[in-house]
Amino acid sequence: MRIDEAELAAFRAGLRRRYSDDEILEELRAAAERLGRSPTMREFAKDPQARVHPQTVIEHFGTWNAAKRAAGLFPRRFLTRAELLEQLRLLGAELGRTPTARDLAARRKSLPSASLYAHTFGSLGNALREAGFEVLRGEERLERAVEQGAALAVGLGRLPKMADWADARKADTTLLSEWQVYRMLDVPRGAWTAFQYLVRERLREDGVDVLPDGSLRSGD
């Protein structure tokens, strides 16, 4: 049976158009999340939830590992623990602060994924600590936030609102986001009010008088 090469090329191109490069990369990342590590071709082929055949991946990106690198899923044999930590340190130097999972996601075409760090070190936080970054745990983070909230209140002359915190973070990226602070308070409702209460108590401990409306009494 004769095969027309031009028609075959057109047929293959039509099949490839079923999935965009971005869709294929998302399939790889989703498989990695399910598996807990960067998948091999065989693991990806056996994944019942993967919608793309490994050969389709290769046709789009040339090689399996090229596709994984484009997806931010570095083959583990290419990066040792020391190399993974160095990637974090370089990113931290670029950002001027401790990297986050969001930072890694934003650079997923050039850096290892947060899931790879979690698989290798137990969590991204563990990897960051091992790389020399300060990563506060739950109670420590809340304590730091309350301290920062008290300092912000003194500058404002009143207890900070969420909008105040958001504005302050634009000038100081070392602050947690207002939503990170909000989610640290495990209360049924009114988490920010609960945070303001903690800030008020800290101010009172420091001898600052806080009025019922949240304003700070000026010293005589």
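Student: Which residues does Val-199 touch, leaving out those up to four places away in sequence?

Tutor: In this predicted model, Val-199 touches Val-146, Gly-149, Ala-150, Ala-153, Leu-159 and Pro-160.

Student: And what's the largest nonpolar core like, how many residues?

Tutor: That core has 21 residues. Val-199 is among those with the most contacts inside it, along with Trp-165, Val-181, Leu-185, Phe-195 and Leu-203.

Student: Which helices each supply at least two residues of this core?

Tutor: Helix H10 (138–156), helix H11 (162–171) and helix H13 (191–205) do. There's also a second, separate core of 16 residues, including Tyr-19 and Phe-44.

Student: Okay, switching to aromatics. How many aromatic pairs are there?

Tutor: The structure holds 6. One of them is Trp-192 with Phe-195, a tilted pair at 5.1 Å centre to centre, with 55° between the planes.

Student: Where do Trp-192 and Phe-195 lie?

Tutor: Both are in helix H13, 3 residues apart, which is about one turn of the helix. Together with Trp-165 they form one aromatic cluster.

Student: Is Trp-192 buried or exposed? And why?

Tutor: Trp-192 counts as buried because its relative accessible area is 8%, and the cut-off is under 20%. Phe-195 is buried too, at 1%.

Student: New topic: how much space lies in the largest pocket?

Tutor: About 910 Å³. The pocket is lined by 26 residues, and those nearest its centre are Thr-98, Thr-100, Arg-141, Leu-176 and Gln-180.

Student: What kinds of residues make up that lining?

Tutor: They divide into 10 nonpolar, 8 polar and 8 charged. H10 gives the largest share of the lining, 4 residues.

Methods
Residues numbered from 1 in each chain as written. Predicted model: local features only at pLDDT ≥ 70, side-chain atom pairs only at ≥ 80, totals over all residues. Heavy atoms only, no water. Core = buried A, V, L, I, M, F, W, Y, C linked by side-chain atoms within 4.5 Å. Buried < 20%, exposed > 50% of the residue type's maximum accessible area, 1.4 Å probe, protein only. Contact = heavy atoms within 4.5 Å. 1 Å grid on protein atoms, 1.4 Å probe; cavity = no way out; pocket = protein on both sides within 12 Å on 5 of 7 lines; lining within 4 Å. Points joined across faces, edges and corners; volume = space filled by probe spheres on them. Nonpolar A, V, L, I, M, F, W, Y, C, P; charged D, E, K, R; others polar. Phe/Tyr/Trp six-rings, centres within 6.5 Å; stacked < 30°, edge-to-face > 60°.
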